[in-house]
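Subject: Structure for you to look at

Hello,

I am passing on the structure we spoke about.

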Amino acid sequence: LLAPEQAEYTLDVWLVPKFSMLSLFCLLEPLRVANRFGRDLFAWRLLSADGEGVIASNGVRIDVDDELDTVADDAHLMVVSSYEIRYDSSE
(Lines give C-alpha, C1' and ligand atoms only; values in the text may rest on other atoms or scores of the structure.)
Protein backbone atom coordinates (compact mmCIF):
# COMPACT_ATOMS: atom_id res chain seq x y z
CA LEU A 1 0.00 0.00 0.00
CA LEU A 2 1.16 3.49 -0.79
CA ALA A 3 1.59 6.31 1.67
CA PRO A 4 -0.18 9.55 0.67
CA GLU A 5 3.12 11.23 -0.18
CA GLN A 6 3.99 8.38 -2.59
CA ALA A 7 0.79 8.54 -4.64
CA GLU A 8 -0.44 10.91 -7.28
CA TYR A 9 -3.93 10.97 -5.72
CA THR A 10 -4.99 10.48 -2.11
CA LEU A 11 -8.58 9.67 -1.24
CA ASP A 12 -9.93 10.39 2.23
CA VAL A 13 -12.58 7.85 3.24
CA TRP A 14 -14.91 8.68 6.15
CA LEU A 15 -16.22 5.52 7.80
CA VAL A 16 -19.57 6.18 9.47
CA PRO A 17 -20.54 3.79 12.30
CA LYS A 18 -22.26 0.64 10.98
CA PHE A 19 -20.73 1.28 7.52
CA SER A 20 -20.96 -1.40 4.87
CA MET A 21 -17.74 -3.41 4.67
CA LEU A 22 -18.69 -4.48 1.15
CA SER A 23 -18.94 -0.84 0.05
CA LEU A 24 -15.52 -0.10 1.53
CA PHE A 25 -13.92 -3.05 -0.27
CA CYS A 26 -15.64 -2.15 -3.56
CA LEU A 27 -14.19 1.34 -3.24
CA LEU A 28 -10.61 0.38 -2.31
CA GLU A 29 -9.91 -2.81 -4.25
CA PRO A 30 -9.99 -1.22 -7.73
CA LEU A 31 -7.53 1.43 -6.50
CA ARG A 32 -5.21 -1.23 -5.09
CA VAL A 33 -5.33 -3.25 -8.29
CA ALA A 34 -4.68 -0.13 -10.41
CA ASN A 35 -1.54 0.52 -8.35
CA ARG A 36 -0.37 -3.06 -8.73
CA PHE A 37 -0.78 -3.27 -12.48
CA GLY A 38 -0.24 0.36 -13.35
CA ARG A 39 1.82 2.97 -11.60
CA ASP A 40 1.69 4.52 -8.12
CA LEU A 41 -1.54 6.46 -8.54
CA PHE A 42 -3.70 5.97 -5.47
CA ALA A 43 -3.38 6.14 -1.70
CA TRP A 44 -6.16 6.44 0.84
CA ARG A 45 -6.67 7.45 4.43
CA LEU A 46 -9.45 5.94 6.52
CA LEU A 47 -11.10 8.49 8.80
CA SER A 48 -13.66 8.57 11.59
CA ALA A 49 -15.38 11.46 13.33
CA ASP A 50 -13.07 11.17 16.35
CA GLY A 51 -10.01 9.30 15.03
CA GLU A 52 -11.01 6.10 16.82
CA GLY A 53 -11.76 2.78 15.14
CA VAL A 54 -15.20 2.24 13.62
CA ILE A 55 -17.41 -0.84 13.83
CA ALA A 56 -18.88 -1.97 10.52
CA SER A 57 -22.41 -3.31 10.09
CA ASN A 58 -20.98 -6.86 10.30
CA GLY A 59 -19.42 -6.15 13.73
CA VAL A 60 -15.81 -5.90 12.56
CA ARG A 61 -13.82 -2.99 13.98
CA ILE A 62 -11.59 -1.13 11.53
CA ASP A 63 -8.80 1.11 12.78
CA VAL A 64 -8.51 4.46 11.03
CA ASP A 65 -5.63 6.74 10.10
CA ASP A 66 -7.00 10.02 11.42
CA GLU A 67 -10.08 12.04 12.35
CA LEU A 68 -12.43 13.78 9.96
CA ASP A 69 -11.25 17.27 10.98
CA THR A 70 -7.92 16.64 9.21
CA VAL A 71 -9.44 16.65 5.72
CA ALA A 72 -8.04 19.47 3.60
CA ASP A 73 -10.39 21.83 1.78
CA ASP A 74 -9.26 20.52 -1.61
CA ALA A 75 -9.31 16.82 -0.64
CA HIS A 76 -11.16 14.01 -2.38
CA LEU A 77 -13.59 12.76 0.31
CA MET A 78 -15.77 9.67 0.10
CA VAL A 79 -18.29 8.69 2.75
CA VAL A 80 -18.93 5.01 3.45
CA SER A 81 -22.07 4.40 5.47
CA SER A 82 -24.96 1.95 5.55
CA TYR A 83 -28.73 1.73 5.55
CA GLU A 84 -28.69 2.22 9.32
CA ILE A 85 -26.81 5.52 9.20
CA ARG A 86 -26.43 7.19 12.56
CA TYR A 87 -24.08 10.06 13.25
CA ASP A 88 -23.63 11.44 16.75
CA SER A 89 -20.82 13.96 17.13
CA SER A 90 -20.49 13.02 20.82
CA GLU A 91 -19.37 9.47 19.95
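The notes below go from the overall picture to single residues.

Please keep in mind that this is a predicted model.

Overall picture

The secondary structure comes to one helix and six strands. Along the sequence, these follow the pattern β-α-β-β-β-β-β. The radius of gyration is 13 Å, close to the 12 Å that the globule rule gives for 91 residues, so the protein is as compact as a globular protein of that length. Taken along the principal axes, the box filled by the C-alpha atoms is roughly 40 × 25 × 20 Å. Of the 91 residues, 32% count as buried. The accessible surface is about 6,000 Å², and carbon and sulfur atoms account for 52% of that surface. If you take the contacts between residues at least 6 apart in sequence, 66% of them join residues at least 24 apart.

The sheet

Four strands form an open sheet in the order E5-E2-E1-E6, with parallel pairing. E5 and E6 (76–80) stand at the edges with a single partner strand each, so one side of each has no neighbour in the sheet.

Strand E2 (residues 42–48) is largely enclosed by the rest of the structure, because six of its seven residues are buried. E2 pairs with E1 (residues 9–15) in the parallel sense, over six bridges. Between E1 and E2 the chain passes through H1, and this β-α-β crossover is right-handed. One of the bridges to E2 joins Trp 14 to Leu 47.

E2 also pairs with E5 (residues 66–67), again in the parallel sense, over two bridges. Here Leu 47 stands opposite Asp 66, and Ser 48 stands opposite Glu 67.

In soluble globular proteins, nonpolar side chains tend to be buried together. The largest nonpolar core in this model has 15 residues, and those that touch the most other members are Val 13, Leu 15, Phe 19, Leu 24, Leu 28 and Leu 46. E1, H1 and E2 each supply at least two residues of this core. H1 gives the most, with four residues. As for Leu 28, its contacts beyond four places in sequence are Val 13, Trp 44 and Leu 46.

Two residues to look at

Is Asn 35 buried or exposed? Asn 35 has a relative accessible area of 13%, which is under the 20% cut-off, so this residue counts as buried. Asn 35 lies in helix H1 (residues 21–37). Leaving aside neighbours within four places in sequence, Asn 35 is in contact with Leu 2, Asp 40, Leu 41 and Phe 42.

The other one is Lys 18, in the loop between E1 and H1. Most residues other than glycine have a negative phi. Phi of Lys 18 is near 70°, which is a positive value in a residue other than glycine. At 36% relative accessibility, Lys 18 counts as partly exposed.

Regards

Note on methods: Residues numbered from 1 in each chain as written. Predicted model: local features only at pLDDT ≥ 70, side-chain atom pairs only at ≥ 80, totals over all residues. Heavy atoms only, no water. Buried < 20%, exposed > 50% of the residue type's maximum accessible area, 1.4 Å probe, protein only. Contact = heavy atoms within 4.5 Å. Pairing = 2+ DSSP bridges. Right-handed = clockwise from strand over helix to strand, strands pointing away. Core = buried A, V, L, I, M, F, W, Y, C linked by side-chain atoms within 4.5 Å. Rg over C-alpha atoms; globule rule 2.2 N^0.38 Å. Areas by Shrake-Rupley, 256 points an atom, 1.4 Å probe, with all protein chains shown as cover.
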